[in-house]
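Visitor: Could you show me how to read this structure, feature by feature?

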Amino acid sequence: MNEKPSTTSQFRPILQVVSFTAAGHRFAVEAASVRAQHSATDDAIPAEELLGLPDACIADTITRRVLIIRHATGDLPIRVAGPVSLSELSLDDLHPLPDLLAARCKINGIRALSAGLDGITVLIDFCFLNQNEA
Amino acid sequence: MSETTLDQVLARRHEAHQNIIDVDEPTTKLVIFALGNKWFAFHGERIREILAHADVFFVPGCPSSLEGVINVRGDIASVIRLHELLHLPESDAASSSILLGYGGGISSGIRVDRIVDVIDVPQNSIQPPPATLPDHMRALVLGVLRFQEQPVSLLDLDQMFADYARGLG
């Protein structure tokens with residue numbers, strides 16, 4: 001029996017992101033902006049410092065990783081806390097910042113929020129941070 | 001005995017009906033709420049929804065008056081506290097609610113300690129703001145009224161959101 005091709009699209013738009021922890025909060029960056037990931041080194045800038053957040057007390061058991069971010073000024077090594085994972089976000093779950101939050105949030109690299117079952121993930125674009133911070 | 005015809009009765013009735021003056025006063029819907037021991041109100045058309053329970057997710061980098069965001073059936077809305085903007089002491093009311101408000105092209109949740117009532121009031125029961133109003137309230141209060149023997153300040157949500165976005169509160 002010949003199967004008819006499906007008339008409905010199965011395409012589900014997604015965005016690939018690399019998620020990590022900084023100052024105890026879950027953040028994510030577009031996977032396309034991450035060139036590499038490797039073990040933590042001292043020359044990498046802590047994500048908390050870039051984001052202007054207090055450096056949370058992190059237990060030694062938490063893995064520290066370095067993400068190499070593509071940046072206008074060249075590669076930017078950023079030290080983040082784990083778990084670091086590659087995941088897919090449904091575009092339906094991605095939201096621009098609400099107006100008042102966009103106006104008052106001090107982290108100018110926040111681009112969007114993702115609402116999932118386990119809470120909110122903050123989508124960051126390190127290229128939007130102030131040049132002097134980066 | 002004078003005879004009255006049906007036509008005359010109906011004519012009188014018609015005349016009397018025409019003389020009735022509509023004394024219904026225009027009314028406006030208000031959402032009255034409490035912040036601490038003070039009562040405030042927003043115009044009802046500015047409030048889209050009242051949420052009794054909602055999980056608020058903290059977003060880093062925001063002032064303490066911006067509590068976080070809520071997920072309202074798949075949409076994300078900010079939640080702000082008005083205490084600082086209105087110069088009121090912080091309260092930790094256990095039964096607080098969130099009003100989903102819209103004003104000046106901005107929408108946001110607003111944390112209130114308690115919903116008092118949603119009522120229709122005659123527009124003329126709203127008096128102009130008194131001259132004794134503190135400076136920080138002058139631009140935010142559209143008028144005042146009394147409800148259940150309590151003074152209620154009717155707040156301008158457009159102005160409030162605009163001021164908040166400008167960094168006040």
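Visitor: Where in chain B does B:His87 lie?

Guide: B:His87 sits in the loop between β5 and β6 of chain B; helices (H or I, at least four residues) and strands (E, at least two) are DSSP runs, numbered from the N terminus. This is a predicted model, where local features need pLDDT of at least 70, side-chain atom pairs count only at pLDDT 80 or more, and totals for chains, interfaces and linings use all residues. Residues are numbered from 1 along each chain as its sequence is written, while chains are lettered from A and ligands numbered from 1 in the order in which they are written.

Visitor: What is the phi of B:His87?

Guide: Most residues other than glycine have a negative phi, and most peptide bonds are trans. Phi of B:His87 is near 60 degrees, a positive value. B:Gln148 has a positive phi too, near 50 degrees, and belongs to the loop between β9 (141-147) and β10 (150-155) of chain B. As for the peptide bonds, the one from A:Gly82 to A:Pro83 is cis, with omega near -5 degrees; A:Pro83 is in strand β6 (residues 76-90) of chain A.

Visitor: Why is strand β7 of chain B largely enclosed?

Guide: Six of the seven residues of β7(B) (residues 106-112) are buried, so the rest of the structure largely encloses this strand.

Visitor: Which strand pairs with β7(B) in the antiparallel sense?

Guide: Two strands pair if DSSP finds at least two bridges between them. Strand β6 (residues 97-103) of chain B pairs with β7(B) that way, over seven bridges, and B:Ser97 stands opposite B:Val112. The two strands form a hairpin with two residues between them, and B:Gly104 in the turn has a positive phi of about 60 degrees. Strand β5 (residues 75-81) of chain B runs parallel to β7(B), joined by three bridges; B:Arg81 has B:Arg111 as its bridge partner.

Visitor: How many residues of chain A are in contact with chain B?

Guide: Contact means C-beta atoms, placed from the backbone, within 7 Å. Here 20 residues of chain A are in contact with 18 residues of chain B. The largest share of chain A's side, five residues, comes from α2(A).

Visitor: What confidence does chain B have?

Guide: pLDDT is the predictor's confidence in each residue, from 0 to 100. Chain B averages 90, and 95% of the residues score at least 70.

Conventions. A residue is buried if 20 or more other C-beta atoms lie within 10 Å of its own, exposed if 12 or fewer, and partly exposed in between; C-beta atoms are placed from the backbone. Two residues are in contact if their C-beta atoms, placed from the backbone, lie within 7 Å.
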